[in-house]
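User: I'm new to this one and would like to learn how to read it. Could you walk me through a few features?

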Amino acid sequence: MLQITNLHANVGDKPILKGLTLSLNAGEIHAIMGPNGAGKSTLGYVLSGRPGYEVTEGEVTFNGQNLLDLEPHERAAAGLFLGFQYPVEIPGVSNVQFLREALNAQRKNRGEAPLSGAEFLKVAREQATALGMDMEMLKRPVNVGFSGGEKKRNEMVQMGIIDPALAILDETDSGLDIDALRIVGDGINRIMRKPDKAVLLITHYQRLLDYVKPDFVHVLADGRITRSGGPELALELERDGYKELAA
Amino acid sequence: MPAPTRHDEAWRYSDIAAVAAAWPLPAPENIIVPAGGHYARTIVQDSGAIHQIDIAIGKGATAAIHVLNIGGEYGRIELNVTLHEGADFKLGGVQIGGNAQTLEIITTVTHAEPKATSSQIVRSVLAGTAIGTYLGKVAVARNAQLTDSVQSVKAMLLDRSATANAKPELEIYADDVKCAHGCAIGELDPMGLFYLQARGLSPADAKKLMLQAFVAGVFEGAEHEEMLIEAALQKLGELV
């Protein structure tokens, strides 16, 4: 589904990714772990097309398509979803309005009919309920006044509504208490653990992986994947730290 | 009276050639709201015009003016408001300009007697080499105690070549008053735009949604709220 080959990327003039190669197949959940500054968030931003993140070498294909040729909204329509580490507050724009417009823009881009207001609200209510989020919150301006945990939960509600093929979740576990972590973990499994979908979980800690069992774990250090393995690798990292493994 | 020049403070940022062409202006429209009365007015300036309106609001009366200033090379809305005891004045103004448009809202709000309230909210969205100006003077007379006045002025620049001028001004002779004013000029938050695009909105739709949020609150409760928002959205759509 996603094939990243020898990816190099700069932020400003600074090289961050330095030859990253990674392949995800449908039905797989991959976790990327690594120390601060290794390039984990940069990878998420490069894949979703954030301005200012410049690819200098290498290629990325997504379902056979050259991902790097696409604008951010075209990547979304192609089925890619980025769960933000720091979801952005947008005063004055209601979650519901924004999500309906976003979803219908994606559907239009794919040649599908738009959802009516009633159809959309039904989907939104299902997802909000499954993630323990009050429908009233979904009517409020995007992320404004939300706690850290509520923002992350809102990301998952959005993911449920948009129903992407590939989710890149950037530290979705940070800022969550134990209960919220379980709810979010269950949400990821419910929405994304399917034979035709894939997930790239970017995380610092093993704890999310107790709820969302990865098929593969990779260590990202200094802009490259330095080690790959099964779920046991995450436990090893938790025990020994990154220093041992990055070397 | 000769046509104004840039030395006249109230015309400092105006399109002087357009003003000269329209000079002499007809006498200002004169509105008197009797004691206890209510007055509401919606002005859509969409063709390039100068509106000058004098409004006297009687004891305990209210006036609400909503302005959408979007059309023509030069559009100016000038309000000269006098508030009597306990009167209330509300202005909700939106200016949206592109190309080389010059748009301005100029107000003088005089609290002549005690306990009157006034609120002015003005939002400008400017692209191209457009110039958007708000000059707002609030004058509080010596005996106008317990005046409560608010000015909130914000402008959003879509291009570096656009200009916003904002000058809220207070002239207070009473000593027991509340006069708040705030003023901000900014650009669309790039992270917000990216967030919306990452969820599937095109760059133009993402901008439009954020700008809609920026201006929409101004028309809340306006007599012709839907029409105003629709006209504003259409104009925004031309700019993004």
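Analyst: Happy to. Let's start with a pair of strands: 8 bridges join S4(B) to strand S6 (residues 88-97) of chain B, and the two run parallel. Keep in mind that this is a predicted model.

User: Which residue of S6(B) stands opposite Thr62(B)?

Analyst: That's Asp88(B).

User: And what pairs with S4(B) besides that, in which sense?

Analyst: Strand S2 (residues 38-45) of chain B pairs with S4(B), again over 8 bridges and in the parallel sense. Here Tyr39(B) sits opposite Ala63(B) of S4(B). As a general idea, side chains in a regular strand alternate between the two faces of the sheet.

User: Why is S4(B) described as largely enclosed?

Analyst: Because 6 of its 8 residues (the strand covers 62-69) are buried, the rest of the structure largely encloses S4(B).

User: How do I read the contact between the chains?

Analyst: In general, interface size is often given as the accessible area lost when the parts come together. Here we can count residues instead: 22 from chain A and 19 from chain B. On the chain B side, helix H2 (190-198) and helix H3 (203-216) each supply at least two residues, and H2(B) gives the largest share, 8 residues. That side divides into 12 nonpolar, 5 polar and 2 charged residues.

User: What about the overall build of chain A?

Analyst: Chain A has 9 helices and 12 strands. Its radius of gyration is 18 Å, which agrees with the value near 18 Å for a compact globule of 247 residues. Buried residues make up 45% of chain A.

Technical notes
Residues are numbered from 1 along each chain as its sequence is written. Chains are lettered from A and ligands numbered from 1 in the order in which they are written. This is a predicted model: local features need pLDDT of at least 70, side-chain atom pairs count only at pLDDT 80 or more; totals for chains, interfaces and linings use all residues. Two residues are in contact if their C-beta atoms, placed from the backbone, lie within 7 Å. Helices (H or I, at least four residues) and strands (E, at least two) are DSSP runs, numbered from the N terminus. Ala, Val, Leu, Ile, Met, Phe, Trp, Tyr, Cys and Pro count as nonpolar, Asp, Glu, Lys and Arg as charged, and the others, Gly among them, as polar. The radius of gyration is taken over C-alpha atoms; the globule rule is 2.2 Å times the number of residues to the power 0.38. A residue is buried if 20 or more other C-beta atoms lie within 10 Å of its own, exposed if 12 or fewer, and partly exposed in between; C-beta atoms are placed from the backbone. Two strands pair if DSSP finds at least two bridges between them.
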